[in-house]
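Subject: Structure handover

Hello,

Here is the structure I promised to pass on. Please open it next to this email; my notes follow below.

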Amino acid sequence: MRDFFFDLVDVLELVFLDPLRYSEEVQEIPFAASPVSSWMFSILSALSLSVGMSILSAPYTISTISFLFFGFIANLFLFRFFPFFYALVADYYVQKKGRSPKLLFLILFARHSVVLFLLFAPVCIVFHALGLSGLGTGFFLLLSFILFYSLVVSRGLKSIYELRNRDSLRFSFYALGLTILFPFLMNLYTATSILQSISGGF
């Protein structure tokens, strides 16, 4: 358990504090190199996002349970597919810049970076305590977190591909725009979110 805790801290440090060492050291951390890490981050982040949205959608009734369930499923789909397509698009732009492909590292970095959505529920609690709630507040926070996620991934792009700040930011936001417009991903997320809204009501 102690080794697992240290590995977890090492992954978080590489993603948020020292992405320059990510591509060199991530394979040396057993937890980070296994699919378990990205699945765990996706599940916890999806749960945090679902709980956060539920906190902002008072009053709470028995249907809140189904709201949480459908929200969790929708968000889990998002966190499994979104980083993959995001990395594909970003890697395409980077290769046009003449860099060698490092897609597997970028996908892993993008999937590890979703752990920042763990902060979504605590932020929603603060907003709710301040009297800010409802669908509009939820979507504003979600958009803010997605933009912050894009900034985190841009740091990974810079370190993994050795890009300039301007290029890494540009490629990251290009990838964000094209991935959001990707029909399969967004239709799937929207359809599941509709089921979520029907089950609990925003």
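**A buried ring pair**

Both F82 and Y149 are buried, meaning under 20% relative accessible area; exposed is over 50%, and partly exposed lies in between (1.4 Å probe, protein chains only).

Before the rest, a word on the source. This is a predicted model, in which local features need pLDDT of at least 70 and side-chain atom pairs count only at pLDDT 80 or more, while totals for chains, interfaces and linings use all residues. Residues are numbered from 1 along each chain as its sequence is written, and side-chain values use heavy atoms, with hydrogens and water left out.

**Overall layout**

The protein chain has ten helices and zero strands. Helices (H or I, at least four residues) and strands (E, at least two) are DSSP runs, numbered from the N terminus. Of the 202 residues of the protein chain, 46% count as buried. Contacts here mean heavy atoms within 4.5 Å. Among contacts in the protein chain with a separation of 6 or more, 75% come from residues 24 or more positions apart.

**The first helix**

Start with α1, residues 2-17. Its 16 residues should span 22 Å at 1.5 Å a residue, and its end C-alpha atoms are 21 Å apart, which agrees. The expected span is 1.5 Å times one less than the number of residues.

Which residues of α1 are buried? They are D7, L8, V11, L14 and V15. Seen down the axis of α1, the buried residues fall within an arc of 130°, so they line one face of the helix. The arc is that of the directions from the helix axis to the C-beta atoms. An α-helix has 3.6 residues a turn, so residues three or four places apart point the same way.

On the other side of α1, R2 and L17 are exposed. The buried residues of α1 pack against α2 (22-25), α3 (30-33), α4 (35-55), α6 (103-113) and α8 (135-161).

D10 is also in helix α1. With a relative accessible area of 30%, D10 is partly exposed. The C-alpha atoms of D10 and I29 are separated by 7.8 Å, and these residues are 19 apart along the chain.

**The core**

The largest nonpolar core has 50 residues. Such a core is a set of buried Ala, Val, Leu, Ile, Met, Phe, Trp, Tyr and Cys residues joined through side-chain atoms within 4.5 Å. Two or more residues each come from α1, α3, α4, α5 (63-96), α6, α7 (120-129), α8 and α9 (165-180). The most come from α5, which gives eleven residues.

Y22, F117, F120, Y149 and L157 have the most contacts inside the core. Take F117. Leaving out residues up to four places away in sequence, F117 touches S45, S48, F79, L142, F145, I146 and Y149. In soluble globular proteins, nonpolar side chains tend to be buried together.

**Rings**

A search of the whole structure finds 15 aromatic pairs. Rings of Phe, Tyr and Trp (its six-membered ring) pair if their centres lie within 6.5 Å; planes under 30 degrees apart count as stacked, over 60 as edge-to-face and the rest as tilted.

The rings of F81 and F85 have centres 6.4 Å apart and planes at 15°, so this pair is stacked. F81 and F85 both lie in helix α5, four residues apart, about one turn of the helix. F81 counts as partly exposed, at 27% relative accessibility. F85 counts as buried, at 15%.

Back to F82 and Y149. Their aromatic pair is tilted: 6.0 Å centre to centre, with 50° between the planes. The pair links distant parts of the chain, F82 in helix α5 and Y149 in helix α8, 67 residues apart. Ring pairs also link F79, F82, Y86, F117, F120, F145 and Y149 into a cluster.

**A charge over a ring**

What sits over the ring of W39? The charged end of R80 does, 4.0 Å from the ring centre. The test is NZ of Lys or CZ of Arg within 6 Å of the ring centre and within 35 degrees of the ring normal.

R80 is found in helix α5. At 12% relative accessibility, R80 counts as buried. R80 touches S38, W39, S42 and R111, not counting residues up to four places away in sequence.

Most residues other than glycine have a negative phi. E162 has a positive phi of about 60° although it is not a glycine. E162 is in the loop between α8 and α9. E162 is exposed, with a relative accessible area of 61%.

Best wishes
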